[in-house]
Every structure is written in C-alpha cells, then in structure tokens.
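Try each task before reading its solution.

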Amino acid sequence: MKIVLINPLIDGVNLGQVIPYFDEIPLGIGYIASYLQQKGIQADIIDCMNEPVGVEALIQQLKINQYDMIGISCFTYNFRNTVILVHK
C-alpha cells in the first residue's frame, strides 16, 4: 500500500516564499508517516511549504505515483488551498 500525506501551502503564500515557523515538516504528518512505515506501509510526505510545487504539478505527481490513499492536513491558515486541492 502506498500512502501520501500532504501539507498544502498557506493561503496567500507564493511558491518558494519562506514563512518563519513553517519551514520544517509538520510534526503530526511526520508522526503518522513514521508509524505507517514501522507497520511496513510506504508513506510519502509532500510538504508544499518546503517543496516548490503548485497545485497542478502536485496533481500530476499524485497521478504518476498512483497512491492508494491520500491524506491532506487542513488548518484555518491553509483551508482555501486545501479545498482547491481536494476539488481537483
């Protein structure tokens, strides 16, 4: 089984823009990926805050890798970008 966990861009942030306190992989996603890997499940992380990838490129990457499951983190500060990603 292949799972990907996605941390979308913060609403209103441009690709490659560095935002203090958002320049590390989110801890929650890291914990989930670590647990899944310990159970023998391939778990990838795509952190759009640290990887300069737009929505269209992200969708293309998801199609190429053919993940069985996609998890997307959602907070008030990235709600709009999360909704856009889910609708695509």
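The exercises below concern a predicted model.

**Exercise 1.** Work out the strand order of the open sheet, and find which strands stand at its edges.

*Solution.* Start with the pairing: strand β1, residues 2-7, pairs with β2 in the parallel sense over 6 bridges. To place yourself in this pair, find Ile-3, whose bridge partner in β2 is Ala-43. Next, take in the whole sheet: its 3 strands have the order β2-β1-β3, with parallel pairing. β2 (42-47) and β3 (69-72) each have a single partner strand, so they are the edges, and one side of each is left without a neighbour in the sheet. From one strand to the next, the twist averages 20°.

**Exercise 2.** Find which strands helix α2 lies across, and state its angle to β1.

*Solution.* First locate helix α2 at residues 55-65.

**Exercise 3.** How many salt bridges does the structure hold, and which parts does the pair tie together?

*Solution.* The count is 1 salt bridge. Its partners are Lys-88 and Glu-56, with the closest N and O atoms 2.8 Å apart, which meets the cut-off of within 4 Å. Now place each residue: Glu-56 belongs to helix α2, while Lys-88 lies in the segment after α3 (79-87), so the pair ties together parts that are 32 residues apart in sequence.

Terms used: Residues numbered from 1 in each chain as written. Predicted model: local features only at pLDDT ≥ 70, side-chain atom pairs only at ≥ 80, totals over all residues. Heavy atoms only, no water. Pairing = 2+ DSSP bridges. Helix = DSSP H or I, 4+ residues; strand = E, 2+ residues; numbered from the N terminus. Axes fitted to C-alpha atoms, helices over the stretch in contact; angles between N-to-C directions. Contact = heavy atoms within 4.5 Å. Salt bridge = Lys/Arg side-chain N within 4 Å of Asp/Glu carboxyl O.
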